Amino acid sequence: MNAPFFKFGLFGDNVSLIVAFLIGIGFGFFLERAGFGSARKLTAQFYLTDLTVFKVMFTAIITAMLGLFYLGWMGLVDLSLVYLTPTHLVPQIVGGFLLGAGFVVGGYCPGTACVAASTGKMDALINLLGIILGIVVFGELFPWVEGFYYATPMGQVTLPQLLNLSYGLVVFLVALMAIGAFAGATWVEKRMAARKGGQPS
Amino acid sequence: MQADVQPLTAEQVGAHTHHAVPRAPQPYTNPYLAGFGLGLVLLASFVIMGRGLGASGAFSSLVAFGADAVAPEHTRANAFYAEYLGDHTRHPLMDWLVFEVVGVFAGGFLSGILAGRVRMGIERGPSTTNRMRLMYAFAGGGLMGIGAKLARGCTSGQAMTGGALLNVGSWAFMMCVFAGAYAVAYFVRRQWQ
């Protein structure tokens, strides 16, 4: 098996768009299944009453991380051909704070807003219009923020490279950390439910 | 208010979206099962395409396309828009993320309709108004648009995709998303209560 298939020329640009549509369907389907078409379900994460966002997101990360690690280890996927976004640390930290603040103010993140809008939520549609306006503002201000946008470049760098540890060890530690955090998340949910006088779920 | 302290069920969320249809929505999938499904979709994207998922990038293509239609000279002189317009050999909307996001709408609708969760409405807590909720939704979207572009991706393209690839910038971004949301949550709690 020569994977990633697209990078080995198994199909061209036009077919890749069909693949994109099909992968998008899977993505949207599972986001909605998880309850991420609901702003109150999503934002409950930030009031600690329902940590589904954390559980779903980290289960997805662990699944894809382990899958890719094993496929790479067996020589089935050339990991050097999987695109890694270059790190620009400070703008990404600032962008993270802005996006997190926007998430809890608006009730959705960009992907979940699409799913919520497709299931009839008008607030999600307005949220998407806000995102579009934000991008216009960023685009129009780009000549002035360009210096900051490219600040603190670290190149394409992974945690194993940064920490000088083996890929397998970091994968193992992240998976271990996630399992501990899942148990912690369930404990927090029960505590919050008990404290506010509700029945523990 | 007891309902608000427990993990929300699909029924409770449905109860606060108006114009309810008679059919009761089905409960949400177990979070670990849904996360596993999401992880397999992400893995499939890595294996088939050599790239991960995304969302905000599609809207950047849309914005660049719109700006180019309105003011082509202004748009093409801007390095940010130019990146999304490419070399003009392809239509800017013939883009991988644009097609993926169209799929996200379709997949979300498919899951919603199968579970009886598609209903028109504005989701909010009982003690706020629709107008306030929509203003918050718009303002939050604006903040996310700017944040996602500064970070080179959103929760999909950076946190999930980069998270699985152990990308340093993605992990820093992800922690700051949670930190930013927790820092602001208290001040906007009334729209959900």
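Helices (H or I, at least four residues) and strands (E, at least two) are DSSP runs, numbered from the N terminus. Everything shown here comes from a predicted model, where local features need pLDDT of at least 70, side-chain atom pairs count only at pLDDT 80 or more, and totals for chains, interfaces and linings use all residues. Residues are numbered from 1 along each chain as its sequence is written, while chains are lettered from A and ligands numbered from 1 in the order in which they are written.

**View 1. Chain A has eight helices and two strands.** The C-alpha trace of chain A spans about 55 × 45 × 35 Å along its principal axes. Of the 201 residues in chain A, 50% are buried (20 or more other C-beta atoms lie within 10 Å of the residue's own; exposed means 12 or fewer, partly exposed in between, with C-beta atoms placed from the backbone).

**View 2. Here chain A meets chain B, with 118 residues of chain A in contact with 115 of chain B.** A contact means that two C-beta atoms, placed from the backbone, lie within 7 Å. Helix α6 (residues 122-149) of chain A gives the most to the side of chain A that touches chain B, with 20 residues. That side of chain A divides into 71 nonpolar, 35 polar and twelve charged residues. For the sorting, Ala, Val, Leu, Ile, Met, Phe, Trp, Tyr, Cys and Pro count as nonpolar, Asp, Glu, Lys and Arg as charged, and the others, Gly among them, as polar. The model scores ipTM 0.96 and pTM 0.92.

**View 3. T29(B) sits in the loop between α1 (10-16) and α2 (31-49) of chain B.** T29(B) counts as buried because it has 20 C-beta neighbours inside 10 Å. Leaving aside neighbours within four places in sequence, T29(B) is in contact with R33(A), A34(A) and A34(B). R117(B) is 88 residues away from T29(B) along the chain, and their C-alpha atoms are separated by 13 Å.

**View 4. Helix α6 of chain B runs over residues 96-114.** This helix has 19 residues and reaches 27 Å from its first C-alpha to its last, close to the 27 Å expected (1.5 Å times one less than its number of residues). Just after α6(B), G116(B) takes a positive phi of about 70°.

**View 5. At residues 1-5 of chain B, pLDDT stays under 50.** pLDDT is the predictor's confidence in each residue, from 0 to 100. Where pLDDT is low, the predicted coordinates should not be read in detail. For chain B, the mean pLDDT is 91, and 89% of its residues reach 70 or more.
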